[in-house]
Amino acid sequence: MTAFNPEAGMRRAAARKVTHIINGYEQGGASQQKKSMRGWLTSAQNPKDDIDRNLDTLRSRSRDLYMNGPIGASALKTTRTNVIGPGLRLKARINAELLGLTTEQADAWCGQVEEEFNLWAESKHSDAIRMNDFYDQQGIAFLGMLMNGDSFTVFKHAKRTSWMPYGLRIHLIEADRICTPQGDGVLGDSVEGTAENGNRIYSGVEIDDDGALVAYHIANTYATDYTSGKIRKWVRVEAYGKNTGRPNILHLMDTERAEQRRGVPLLAPVIETLKQITRYTEAELMAAVISAMFTVFIKTTGPTTDNTMGPMIPLDQQVAPDDPNNYEMGPGAINVLGQDEEIQIADPKRPNSNFDPFVRSLCLYVGAALEIPYELLLKNFQSSYSASRAALLEAWKMFRMRRQWTAKEFCQPIYEEWLAEAVALGRIRAPGFFGDPKIRKAWCKAEWNGPAPGQLDPVKEVEAAERRIALGLSTREREAIETNGSDFWTNIQQQKVEIEAMRAAGIQSDRPDTPQTDPGKEVKQENE
């Protein structure tokens with residue numbers, strides 16, 4: 001029988017009299033009373049403490065999942081392929097009305113600029129290290145941003161040559177090299193620092209007293225590069241030119257919070273889940289392999305362990321042939337046990353029938369966090385047409401958003417820098433380009449087109465495109481880009497050549513499948 005404690009009873013009675021009014025989120029997510037919340041200890045920190053101090057670990061784990069985790073690699077490559085593909089292509093769209101040009105003059109100017117731009121963009125001389133052309137660099141910069149949280153591009157200028165009239169070069173730099181010049185430069189250990197001019201430096205990003213971006217600090221080696229023999233040094237690159245205001249360096253980063261200085265890897269929210277999926281998959285695979293191996297063990301009572309039947313596994317396929325305590329397992333292998341030795345193997349019952357649905361369920365959560373439907377993440381479409389199309393459309397909301405963002409933050413600034421050099425050299429004529437910022441912006445307007453979404457049912461997609469054109473909701477040029485990524489005007493020119501060639505050969509060139517209806521007439525009938 002438990003003894004009665006008067007003092008404890010008085011405390012309980014007093015506690016019952018205390019009336020506490022629970023307000024708002026205190027009943028739910030902010031509760032400190034519920035048992036499910038008592039052990040949830042959190043602390044709201046600034047972006048520097050939440051992000052910068054953990055970036056070194058996040059980057060290394062994100063790279064490991066990309067290199068050694070199938071689902072992690074699929075998430076990053078799928079996003080890169082659909083957003084960038086073989087590269088976003090320039091489509092000049094100048095403001096002809098503001099510039100006082102006719103439609104024909106604007107089209108001619110745009111065509112000339114696109115051809116001239118490709119002279120530079122399709123050459124590896126556009127790369128400061130001469131490894132990739134501009135279109136390949138788009139994919140490298142974008143994938144680096146996804147994998148590491150951010151990526152950087154420095155504008156450089158080289159000597160013009162007879163084969164490359166432009167001196168503009170772009171140099172891609174991985175996120176690790178942008179760091180605070182203090183200690184060994186590892187983000188986890190030396191996030192903050194002070195510049196010679198007194199400005200603060202956070203993870204290699206220099207800011208002034210108002211918090212405005214001033215410069216970046218670039219190390220000449222990686223923090224873990226101990227074999228190059230170089231002394232670790234930093235170069236300060238101002239973010240914008242003092243005289244022009246144009247950027248000297250581009251910083252690709254998906255900003256999550258105000259006053260955030262460095263980006264977070266795309267896989268950061270699902271790193272633990274992806275690692276556990278990889279471990280589980282490897283364990284299930286090994287269990288299935290072992291279960292499939294039929295191995296015979298012979299137990300002897302004598303002093304010898306010689307296998308009179310000879311080895312069943314070739315020497316070059318054995319895991320540890322020199323280890324006397326190791327018994328090789330293989331299809332039809334025979335091993336002789338030593339005296340008083342006995343083998344016991346638990347039946348793993350593999351393959352596991354629950355493996356596939358369990359992994360798919362986890363991929364649903366991973367895909368939701370990454371905005372990638374699990375069908376696209378696993379490249380497995382087994383749902384109905386409507387469900388699969390809905391999944392693709394939802395994914396393409398994210399892909400288009402990232403494409404527009406990449407075009408704005410990477411492609412357009414580089415194009416504007418190239419165009420400024422082209423105009424200065426006289427290879428492109430653009431009156432008023434350097435005199436009025438408004439006129440310059442009108443000359444620089446452009447679109448960047450990438451790979452099309454693809455089609456689950458081409459017939460339905462083409463019929464829908466035809467209806468959009470007839471109702472004035474879209475244009476043939478836009479539908480050509482969205483359907484298969486082609487250029488409408490190039491298609492028309494090629495069709496003209498093909499039709500003339502077919503007529504010259506005496507082949508019927510009239511295509512019965514070509515719509516002969518007048519779009520304006522069809523719209524009128526629709527309204528009636």
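Are Y415 and W418 buried or exposed? Both Y415 and W418 are buried, where buried means under 20% relative accessible area, exposed over 50% and partly exposed in between, with a 1.4 Å probe and protein chains only.

## Basis

This is a predicted model, in which local features need pLDDT of at least 70 and side-chain atom pairs count only at pLDDT 80 or more, while totals for chains, interfaces and linings use all residues. Residues are numbered from 1 along each chain as its sequence is written, and side-chain values use heavy atoms, without hydrogens and water.

## Aromatic pairs

The whole structure holds 18 aromatic pairs, meaning Phe, Tyr or Trp rings (six-membered ring for Trp) with centres within 6.5 Å; planes under 30 degrees apart are stacked, over 60 edge-to-face and the rest tilted. For F117 and W418, the centres are 5.2 Å apart and the planes at 85 degrees, so this pair is edge-to-face. F117 lies in helix α7 (residues 103–121) and W418 in helix α12, so the pair ties together parts 301 residues apart in sequence.

Y415 and W418 have ring centres 6.1 Å apart and planes at 20 degrees, so they are stacked. Ring pairs link F117, W120, F134, Y135, Y166, F410, Y415, W418 and W448 into a cluster.

Notes: Helices (H or I, at least four residues) and strands (E, at least two) are DSSP runs, numbered from the N terminus.
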